[in-house]
Structures are given as C-alpha cells and as structure tokens.
Amino acid sequence: MSTYLLLVDDDRTFASLAASVLRHEGFRVTLAHSLHDARGAMSREAPDLVVLDRRLPDGDGIDFLPELRAQLPDTPVLMVTAHGDIASAVVAIQAGARDYLSKPVELDDLVLRARRAVADLQLQERLRLAESELGGRRRLSRPHSPKMLAALQMLERIAKAPRSPVLLLGETGVGKEVIARHLHALQGGQGSFVHVNCAALPATMVESELFGHERGAFTDARTARRGLVEVAAGGVLFLDEVGELPLQLQAKLLTFLDKGAFRRLGGTAELSSSARVVTATNRDLTKEVAEGRFREDLYFRLSVFRVDIPPLRERREDLLPLAQSLVAELGAELGRRPVSFSSAARARLERYPFPGNVRELRNVLERALVLEAGPELELSSLEPQGTSVPPDVDPDAFVVSGPPRPLQDVERLYVRHVLARLDGRRMEAARVLGLSYPTFLRRLEEE
C-alpha cells in the first residue's frame, strides 16, 4: 500500500510541483495550504508522513507540532525552515520533528528524506514483526505423517497465490497458528504477520481493531489509528476463532476480501491493503451457517483454500520428533541443559492420546523440564496405560473434590472449568453459562 503523505505549505507553486514529484515516486499526496486545511485533512485520514512548513498564514508550524504529535504520535514530521535558520531547526527537532529541510527546498532532497522516513517506518514494522515472532516462539517441525505432509504440500502451492484467503480447520491445540506462520514464511516472510484472536476482542471494538478509526469516530477516539488490516499489508492477517466475529462485521470483512478495500471507522476515504487473510476455527462453520450465526457467502469466500490440520492422535509418526523439537526449544527458553527421554517416557508418549493435541504436549514437556531434574525426562505425569481414567468416566466432567464447599466457590470453579473447556474463549463461555459478559468477568475474578 502506498505511503500517504500530507504536504502543508502555503507556497502553491512549490507545493504543486513537490506533490507531482512525490506522486511520481509512489507517494499518495494531499496538499494543505494552512494549519486549518491540515487539521481538516488529518481529521479525514491519518497521514503516514507529514511535510510541514513553518511560516503559514494562520500560524507557526513549530507551534502546531505538539498538537500534531499528540494526535499522531507515530507519524514522522519533516519540518521546513528558512535558509540557515539553525535555531528553528533545533527547536523543531526538540518539539518532535524527525528531520528538517531548509528553503529553498531541493526536490531531490525532499524525496530522499521522505524515502528515509518511510524506511524508518518499515524498519519499525519489521521490529514489531520480529517481536511478534519471538513472542510466538513456535516453529514448524518437519512432519513424517502422510496427512501432515499432504497439508504442507498444499500450503506450498497456496503460497503462490498471495491474495487468496485460506481457512485452517482442526481441533483445539493442533497448531493452526504455527501453520499460518509457516504459510507466511513460504510467501517469503514479506510484510507483517498479525495474529488476531477474534474471541478475545470486545464486540464493540472489533471493527476499530481490524479496520482502524479516524479521530472522533467514537467517544475515546482522540487520535486516528491504523487497523490491523493496514498493519498486515503485504503480509498475513491471521484471524483465529473467526466464527466469533459479529454478523455485522462479517459483511465488512467480505467486502475487504472481494475488493481488498475498506474504510476506517468514521472515515470516508477508501483504503486498500494487500494482506492475505488466513482464518482458523475449531467450529463446524457449515453448522454455524445453517443456524444463521455465520454468513454463507463469507464462508464460501474464506474457504477458497481449505486446509484440514489432523489431530496429533492421527499422526503418531510425528509425536516423538515433535516432542524432541519442543524439548530443545523449551529447554533453551528455561536455561536447561539438553535432556533426552527415557525409554519409559517414550512409551508413555506413545500410549497417551493427547486430547489437547500439540498444545497439551508442549504443556506436559514444559512441566517436566521444570519439575524433573535428571538428565532424562520420565514424563511421570503421563499415566501408564491401564491406570488412566476408566472409560465410563467422562475425562472432561466437572468434579469438586475435598470437603463440601460454599455454593459461591463451586460456581466460581465451574465458571473456570467452562472457560478451560472452551479454550479460553471468554465471550463464548459467558453465552454458554447464560451470564452477561460483565457478570462473567466478576465471577471469574472473585476470590
């Protein structure tokens, strides 16, 4: 997506010429010939870069800088000062300008400095991406099972069509985020990988988070803000638990998928983003469509490419290599020396069904690395075959052990039990329990 530049200068001849050159260089330029015009342009759409003259008909650009920085704290400003006015340049930098240009402005110098500011913006985005990658700390281990190999081969073909949506289906914990990150890597790792848990977003803020908002779009919108669709431009926008999106927002997502265009909340300008949308869910979306909770046209659009991720119990060939890879990764994070599995641990791994899939395996290994001090892991927390929960007892049953407890304590425990069963999806847990969301949060936080 092209960089949006706001050029504020009352010299109409220079402004027109500079705008023409900048547009030729790929910038999307809006002209303002006064501070009043600049405020109006900023209220309609937040610029990525501002070139600001000091001497304007209705004020001094330096005096305007604090207001601009307060409204757009991440937007770089190039200040235009009089020739040889070093003192003004110093004041401008101290007030928050990124750089300055002296009059008469050389157009080549203007383009160079604008490009440099854009490069800094892109570097910041890459740093945020690197932080996101480090935060994820999950890499895809080379699979051996035929089902998983087939899924990855399909991803390699999909990566050649960078705008087409992808729908990842599979049980909770199978590693859908890891697969989405792998697709991003197959595309060359260009652009940001942005992970959005749709179930964790408050319904009133979903549109603003995804598509951004302009200043004044709602009560607390004191500044304009880019949405995650814009942040993910050129990369991957991963919408986890997409089945949780409100119906009214599903239509806007469908429009973006069809046209690659959207409008910020409260905005009028049509923007674009080249982000590939990858979605994931463990829900049966066909059932959600039949029951009116998910748009049928959106379901068909999202599932242009549908990839089914098999559960861990159906790819036992991958279990031990995956466990070894996770132990190495977790050991490095925890500062633990390299360890191996004992023969008993390998047997326990082979027998255990792992209903929680890769997430459960990771949790088991992390617990073992902390609690087992020997050179070999025994994984004693995995009960041997024959001593597990009897088949006639539901392993997901809610059980309160110990002496009788007050009803309030039991209710709080059940709220947490339901939340765990729904993999942390708070809004869905509140609906299942028949509680309003604020009441659910109070029950969850009561001690």
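Mentor: Residues are numbered from 1 along the chain as its sequence is written, and side-chain values use heavy atoms, with hydrogens and water left out. Because this is a predicted model, local features need pLDDT of at least 70 and side-chain atom pairs count only at pLDDT 80 or more, whereas totals for chains, interfaces and linings use all residues.

Trainee: How many helices and strands does the secondary structure of the chain come to?

Mentor: Helices (H or I, at least four residues) and strands (E, at least two) are taken as DSSP runs, numbered from the N terminus. The C-alpha trace spans about 85 × 45 × 45 Å along its principal axes. Counted in this way, the chain holds 18 helices and 16 strands.

Trainee: What share of the 447 residues in the chain is buried?

Mentor: A residue is called buried under 20% relative accessible area, exposed over 50%, and partly exposed in between, using a 1.4 Å probe and protein chains only. Contact means heavy atoms within 4.5 Å, and among contacts between residues at least 6 apart in sequence, 70% join residues at least 24 apart. Of the 447 residues, the buried share is 45%.

Trainee: Is D53 buried or exposed?

Mentor: The residue carries the UniProt annotation "modified residue: 4-aspartylphosphate", which comes from an unreviewed entry, and such annotations may be inferred rather than shown by experiment. D53 lies in strand β3, residues 49–53. Because its relative accessibility is 2%, D53 counts as buried.

Trainee: Which residues does D53 touch, not counting residues up to four places away in sequence?

Mentor: One of the residues touched by D53 is V80, which is found in strand β6, residues 77–81, and is itself buried, with a relative accessible area of 2%. V80 in turn touches V51, L52, D53, R54, L101, K103 and V105, again leaving out residues up to four places away in sequence. For D53, the residues touched are V8, D9, D10, G61, M79, V80 and K103.

Trainee: How far apart in space are V80 and D9, C-alpha to C-alpha?

Mentor: Both V80 and D9 are among the residues that D53 touches. In sequence V80 and D9 are 71 residues apart, while in space their C-alpha distance is 8.8 Å.

Trainee: Are helices α2 and α3 roughly parallel or roughly antiparallel to each other?

Mentor: Axes are lines fitted to C-alpha atoms, for helices over the stretch in contact, and angles run from 0 to 180 degrees between N-to-C directions; angles under 35 degrees count as roughly parallel, over 145 as roughly antiparallel, 65 to 115 as roughly perpendicular and the rest as oblique. The axes of α2 (residues 35–44) and α3 (residues 61–71) come within 12 Å and cross at roughly 0 degrees. L35, R39 and M42 in α2 meet F64, E67, L68 and Q71 in α3. Given the crossing angle, α2 and α3 are therefore roughly parallel.

Trainee: At what angle do helices α17 and α18 pack?

Mentor: Helix α17 covers residues 426–433 and helix α18 covers residues 437–445, with their axes 9 Å apart. The two are roughly perpendicular to each other, and the contact is made by R426, M427, A429, A430 and L433 of α17 and Y437, F440, L441 and L444 of α18. Their packing angle is about 100 degrees.

Trainee: Which residues in α17 are buried?

Mentor: The buried residues of α17 pack against α16 (407–421) and α18. After α17 comes G434, whose phi is positive, near 75 degrees. Within α17, the buried residues are E428, A429 and A430.
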